[in-house]
Amino acid sequence: MSTPPPDLEPVAPAWLPWFGQLVTRRGVGSGLAMLCGVVWVLSLALSQLVISLIGRGDRLVAAICASACALGITAVFGYLFLRLVQFQDQARARVDHHATLDPLTGTCNRRHFMQTVDREWSRAKRYNMDCALLLMDVDHFKRVNDAHGSLCGDRLLREIARVSGETLRQADVLARFEGEEFAVFLPHTDPLGALDVAERMRERVEQLQFSWDERDVPVSVSLGVASLQYEHLTLDHLIHDADEALYSAKAAGRNCVRAKLGLQPGHSSYAL
Ligand SMILES: Nc1nc2c(ncn2[C@@H]2O[C@H](COP(=O)(O)OP(=O)(O)OP(=O)(O)O)[C@@H](O)[C@H]2O)c(=O)[nH]1
């Protein structure tokens, strides 16, 4: 079955996400109480209006009947409606979660990373601000999988993501790029700052005391650093430079940091 073109896909009305979040935050109980209150006042007003219009009937009886009907119907259908809205909101939150996060490591997934970084990158370029991109690849990861199994490999990836995240600021974006490769976007970070971050991450992973089945598993990562340059016309150019730097780090023996451009004197040992 073919999927409909994007403009024919169903779009929720603008108020629905807002209302869903409100119901989730306040709870169905208090939402229902508010709804019943509003409907009760309206039903009372309507019953009195009808009595006035037809010019006969007992106002008290009309008020009691209208209240009983309105509250009974609202309690049942209001509850079902609010539960539906709450369910829809929770489903939307779950979809958002799966659409943006990598299920194994809990970091951003590649798609979300590219969307976020594309925005940040454009802003940095427009306002001439520093930013940098790191690519980090686990060294000899295939050996870990082969020697200890893929469950061990998965656990190691989670640990690497965790300790890497600990070295970053809140504004930095960490993502699992593919397989055993991670990407980090560093806004407002000059080339030397980016090198420091990369070196800190490398050290942190090297110090990770990871064991599996009571056997120590040595772990290290290689990192490539690229800083935003005038000739980077698109984000892909920046990624390409970080990738080349990563390739150099692998070629230089792994467990090290290499940078593509933008280095200051005194840090030449990092250069390609
Ligand atoms: N356990 C696990 N393994 C993965 C995952 N994604 C990719 N891999 C494995 O990671 C391994 C990557 O191997 P290579 O590309 O040869 O890289 P490497 O062994 O790290 O070697 P270098 O990068 O050159 O240091 C492959 O065996 C993949 O199957 C994952 O999510 N979990």
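Because the model is predicted, local features need pLDDT of at least 70 and side-chain atom pairs count only at pLDDT 80 or more, while totals for chains, interfaces and linings use all residues. Residues are numbered from 1 along each chain as its sequence is written. Helices (H or I, at least four residues) and strands (E, at least two) are DSSP runs, numbered from the N terminus.

**Ligand shell**

- The ligand is surrounded by 16 residues, of which F141, K142, S150, G153 and G179 are the closest; a residue is near a molecule if its C-beta atom, placed from the backbone, lies within 6 Å of it.
- Two or more residues of this shell come from each of β1 (131-138), α5 (141-148) and α6 (150-166), and α6 gives the most, with four residues.
- Sorted by class, the shell holds seven charged, five polar and four nonpolar residues, where Asp, Glu, Lys and Arg count as charged, Ala, Val, Leu, Ile, Met, Phe, Trp, Tyr, Cys and Pro as nonpolar, and the others, Gly among them, as polar.

**Nonpolar core**

- The largest nonpolar core has 44 residues, and L134, A183, L223, V225 and A242 have the most contacts inside it; such a core is a set of buried Ala, Val, Leu, Ile, Met, Phe, Trp, Tyr and Cys residues joined through C-beta atoms within 7 Å.
- The largest share of this core, seven residues, is supplied by β1.
- A residue is buried if 20 or more other C-beta atoms lie within 10 Å of its own, exposed if 12 or fewer, and partly exposed in between, with C-beta atoms placed from the backbone.
- Not counting residues up to four places away in sequence, L134 touches A183, V184, L186, A194, V197, A198, L223, V225 and A242, contact being defined by C-beta atoms, placed from the backbone, that lie within 7 Å.

**Helix α7**

- Helix α7 (residues 191-206) has 16 residues and reaches 23 Å from its first C-alpha to its last, close to the 22 Å expected at 1.5 Å a residue, the expected span being 1.5 Å times one less than the number of residues.
- The buried residues of α7 are P191, A194, L195, V197, A198, M201, R202 and V205, and because they fall within an arc of 160° seen down the axis, they line one face of the helix; the arc is that of the directions from the helix axis to the C-beta atoms.
- These buried residues pack against β1, α6, β3 (181-187), β6 (221-227) and β7.

**Loop residues**

- N128, in the loop between α4 (110-126) and β1, has a phi near 60°, a positive value in a residue other than glycine, and it counts as exposed because 8 other C-beta atoms lie within 10 Å.
- R254, in the loop between α8 (235-251) and β7 (257-259), has a positive phi near 75° and is partly exposed, with 14 other C-beta atoms within 10 Å.
- Leaving aside neighbours within four places in sequence, R254 is in contact with D139, S220, S222 and A249.
- R56 lies in the loop between α2 (28-54) and α3 (59-100) and counts as exposed because it has 5 C-beta neighbours inside 10 Å.

Note on methods
Contact = placed C-beta atoms within 7 Å.
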